[in-house]
Amino acid sequence: LEYTEGKGWHSGRVVPYQNISLDPAAKVFHYGQTVFEGMKAYRTEDGIKLFRPKKNFERLNKSNARLSIPHLDEELAYEGLIKLLDVDREWVPSAEGTSLYIRPFIIATEPALGVNPSLNYLFMIIMSPVGAYYAEGVNPVKIHVESHFVRAVAGGVGEAKTAGNYAAGLNAQEEAKDRGYSQVLWLDGVHRKYIEEVGSMNVFFKINGVVVTPQLNGSILNGITRNSVITLLKHWDVPVEERRISIDELIEAHRNGQLEEAFGTGTAAVISPIGELSYNDEKYVINEGKTGELSSKIYDTITGIQKGTVEDPFGWLVSLD
Ligand code: PMP
């Protein structure tokens, strides 16, 4: 789908995967005017399903608004996705835990060096089958709490799904990996103490029976898995709080034996239990480094809903037919 100033979005088409040609002065290269989404299609006994896809297109438009990219008709984008999936539904793999990863994105294509919003854009969807995230059962990850770099501040672009947020996290992520940690947990950019999110996941902590997750504050992504987890917890009458939580509160809870579980949430892994946090050269092992009971229950329920083996009381699954 293309956008041309004065004409709007037009020329939707499905083409074979191929290189695209852009002017070296295309604004996306220089000013990072781009947004994206990540979602999955699942093969169930009852056909191919998408998990809350409208939420992705809604969020894409929120990101668009922040990046001065024109609004994209969500129905039009969704229809494009269905057309693409209809080219060959065999793209959606069937083995346990597998899915088709879908990446819609928009880039600013106008060749102009002036720093102002592009007049032209390209909306594309690419997709690829992906294997099971956990080949041998859900595995806890080790996460490094970043105390030097910050990635986003309220009022910035942290709540948009845009390239710059990810580029801003690469150096810290590489450093963490060198030290044996798989991802970075970001703290807020002002006080440097409130917990934000992991590189590509929102984060939850079970403290003394209450599940706490950072509130949407303008600098973290409004994760669709995050929203689903909160909905599930409320449905189960598990106390859940969306509020500011500082790293000091977390460490204190750990010291008192009250930090029962920690986990990340995101489309890729659904639930990633956190078995260890490192912060300022100290290590904090959580739940003996094992997957917690609640984390397992949430994982089984959401992946079960996605596979069509667990009842879907919320109407999250959308049929392709
Ligand atoms: N935060 C960030 C920065 C992310 O990239 C992602 C992955 N999209 C998430 C959180 C989780 O969002 P979702 O549950 O919608 O995948």
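Modeller: Start with Gly 80. Set aside its neighbours within four places in sequence, and Gly 80 is in contact with Leu 1, Gly 12 and Ile 125. This is a predicted model, so every contact here is computed from predicted coordinates. Gly 80 sits in helix α3, which covers residues 74-87. Is Gly 80 buried or exposed? Gly 80 is buried, because 21 other C-beta atoms lie within 10 Å, and the cut-off for buried is 20 or more.

Ile 102 belongs to strand β6, residues 99-108. Ile 102 also counts as buried, with 21 C-beta neighbours inside 10 Å. Tyr 299 is another matter. Ile 102 and Tyr 299 are 197 residues apart in sequence, and their C-alpha atoms are 21 Å apart.

Now the domains. The chain is divided into domain 1 (2-130) and domain 2 (141-307). Their centres, taken over C-alpha atoms, are separated by 27 Å. Domain 1 puts 19 residues into the contact and domain 2 puts in 11. On the domain 1 side, β3 (34-36), β4 (39-44) and α2 (53-66) each supply at least two residues. Helix α2 gives the largest share of that side, 6 residues. By type, the side of domain 1 that touches domain 2 has 6 nonpolar, 6 polar and 7 charged residues.

Next, strand β11. All 6 of the 6 residues of β11 (202-207) are buried, so the strand is largely enclosed by the rest of the structure. Asn 202, Phe 204 and Lys 206 point one way. Val 203, Phe 205 and Ile 207 point the other way. β11 pairs with β14 in the antiparallel sense, over 6 bridges. There, Phe 205 stands opposite Ala 262 of β14. β11 is also joined by 3 bridges to β12 (210-213), again running antiparallel. Lys 206 has Val 211 of β12 as its bridge partner. β11 and β12 form a hairpin with 2 residues between them. In that turn, Asn 208 has a positive phi of about 50°.

β14 brings us to the ligand. What surrounds the ligand? The shell holds 13 residues, and the closest are Gly 223, Ile 224, Thr 225, Gly 266 and Thr 267. β14 (259-266) and α6 (224-235) each supply at least two residues of this shell. Helix α6 gives the most, 3 residues. The shell divides into 3 nonpolar, 8 polar and 2 charged residues.

Finally, confidence. The protein chain averages a pLDDT of 96, and 100% of its residues score at least 70. For the complex, the predictor gives an ipTM of 0.99 and a pTM of 0.97.

Technical notes. Residues numbered from 1 in each chain as written. Predicted model: local features only at pLDDT ≥ 70, side-chain atom pairs only at ≥ 80, totals over all residues. Near = placed C-beta within 6 Å. Helix = DSSP H or I, 4+ residues; strand = E, 2+ residues; numbered from the N terminus. Nonpolar A, V, L, I, M, F, W, Y, C, P; charged D, E, K, R; others polar. pLDDT = per-residue confidence, 0-100. Domains from an automatic or database assignment. Contact = placed C-beta atoms within 7 Å. Buried ≥ 20, exposed ≤ 12 C-beta atoms within 10 Å, placed from the backbone. Pairing = 2+ DSSP bridges.
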